[in-house]
Amino acid sequence: MTGTHKGTSITRRRAIAVTGGTAAAGGLAIAGYQYASADEATATATGTATETASASASATSGSGTCVLMSSVTEGPYYLDGALVRKDITEGKDGIPLTLRITVQDTTESCAPVAGAAVEIWHCDAWGYYSGYTTANPGGSAPAESEDGSTADDKTYLRGYQVANANGVVTFETIVPGWYTPRTCHIHVKVHTGGEKEDGTYEGGKVNYTGQLFFADDIAEQIFELEPYSRHSGTWTKLDDDMVYDGGGASSGLLTLEPVHKKDPSKGYKGSITLGVDPDTENTGAGSDGGGGGGGTPPSGAPSGAAPSDAPSASSSSASSS
């Protein structure tokens with residue numbers, strides 16, 4: 001099933017095969033969760049899966065119980081060199097989203113992974129990714145930049161946060177829009193063993209590569225609001241998404257709470273808990289299909305590191321909280 005926005009039909013940009021598997025590939029897990037600010041986060045796992053998590057996917061580590069989580073490829077819109085910062089918006093308009101992610105060690109009874117670096121990236125309200133804004137998001141959307149020659153020299157909606165003693169990171173961002181043929185989602189990687197250097201995160205290994213998803217009813221409400229409503233066409237719902245596998249929280253479905261119950265434009269608070277094995281690597285790179293519109297970037301799209309003129313951490317709300 002697809003959701004129709006302003007009734008405009010669109011052509012799918014490419015067909016993608018899902019290559020995500022279970023956490024057997026990356027030793028990944030997710031425990032029960034609840035929203036709280038980073039300084040109020042608890043390091044204790046709830047011991048029971050949430051209603052949306054699959055009990056059959058659970059794996060016990062010591063006295064803690066974690067739920068195995070789906071892993072998918074990083075997709076074609078990844079860029080190296082994202083900044084360590086809490087606010088990743090860089091002035092992008094959209095419905096505010098405070099995203100809280102807790103990282104737990106599945107080999108240590110779901111203890112918090114202090115110092116883990118969580119990296120996220122996602123499209124803007126019209127479906128454009130920074131660094132790849134020449135790629136058409138499908139449907140009819142305004143141009144990302146009036147000056148097409150510099151449209152790709154951006155780093156918005158990308159960033160790292162380093163987990164505190166409770167394994168918690170918090171990002172200030174916006175709810176993503178949509179692009180053909182994907183549902184509303186956020187990409188995520190969890191890194192360990194590296195360190196902050198020159199405003200970014202260097203070294204170590206990637207322990208988890210996945211995606212975070214939004215319930216259809218929430219996405220539908222948001223897509224009717226400005227600036228999302230200026231992107232007309234047909235957006236993909238969860239049941240028809242080629243990456244989301246229907247597993248609820250164990251497949252990356254976020255718990256979302258509106259800041260104001262009667263006014264979604266005020267924003268949302270989102271939360272999820274990811275479990276990793278710090279000794280296991282899962283980069284999500286080098287596979288065909290999956291995560292984010294396909295395994296190959298659109299023709300003419302840049303690749304590799306972030307633009308050389310990317311803003312410094314000090315000028316882009318850098319934070320390690």
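Author: Glutamate 197 is partly exposed, at a relative accessible area of 39%. The model is a predicted one.

Reader: Which strand holds glutamate 197?

Author: The protein chain has 14 strands and 1 helix. Glutamate 197 falls within residues 185–197, and that run is strand 10.

Reader: Which residues form a negative surface patch?

Author: Patch residues need over 30% relative accessible area. Glutamate 197 has 39%. The negative patch consists of Glu197 together with Asp80, Glu195, Asp198 and Glu202.

Reader: Is glutamine 104 buried or exposed?

Author: Glutamine 104 lies in strand 5, residues 96–105. Buried means under 20% relative accessible area. Glutamine 104 has a relative accessible area of 3%, so it counts as buried.

Reader: How far apart in space are glutamine 104 and glycine 275?

Author: In sequence, 171 residues separate glutamine 104 from glycine 275. From C-alpha to C-alpha, the distance between glutamine 104 and glycine 275 is 4.5 Å.

Reader: What share of the contacts with a separation of 6 or more is between residues 24 or more positions apart?

Author: The question concerns contacts within the protein chain at a separation of 6 or more. Of these, the share from residues 24 or more positions apart is 82%.

Reader: What part of the accessible surface belongs to carbon and sulfur atoms?

Author: The protein chain has 321 residues, and 55% of them count as buried. Its accessible surface is about 12700 Å². The part belonging to carbon and sulfur atoms is 45%.

Note on methods. Residues are numbered from 1 along each chain as its sequence is written. This is a predicted model: local features need pLDDT of at least 70, side-chain atom pairs count only at pLDDT 80 or more; totals for chains, interfaces and linings use all residues. Side-chain values use heavy atoms; hydrogens and water are left out. Helices (H or I, at least four residues) and strands (E, at least two) are DSSP runs, numbered from the N terminus. Buried means under 20% relative accessible area, exposed over 50%, partly exposed in between (1.4 Å probe, protein chains only). Contact means heavy atoms within 4.5 Å. Accessible areas come from the Shrake-Rupley method with a 1.4 Å probe; for residues, only the protein chains shown count as cover. Patches are made of residues with over 30% relative accessible area and no salt bridge: like charges are joined within 9 Å, nonpolar side chains (Val, Leu, Ile, Met, Phe, Trp, Tyr) within 5 Å. A salt bridge is a side-chain nitrogen of Lys or Arg within 4 Å of a carboxyl oxygen of Asp or Glu. Lys and Arg count as positive and Asp and Glu as negative; His and the chain ends are not counted. The place of a charge is taken as NZ of Lys, CZ of Arg, CG of Asp or CD of Glu.
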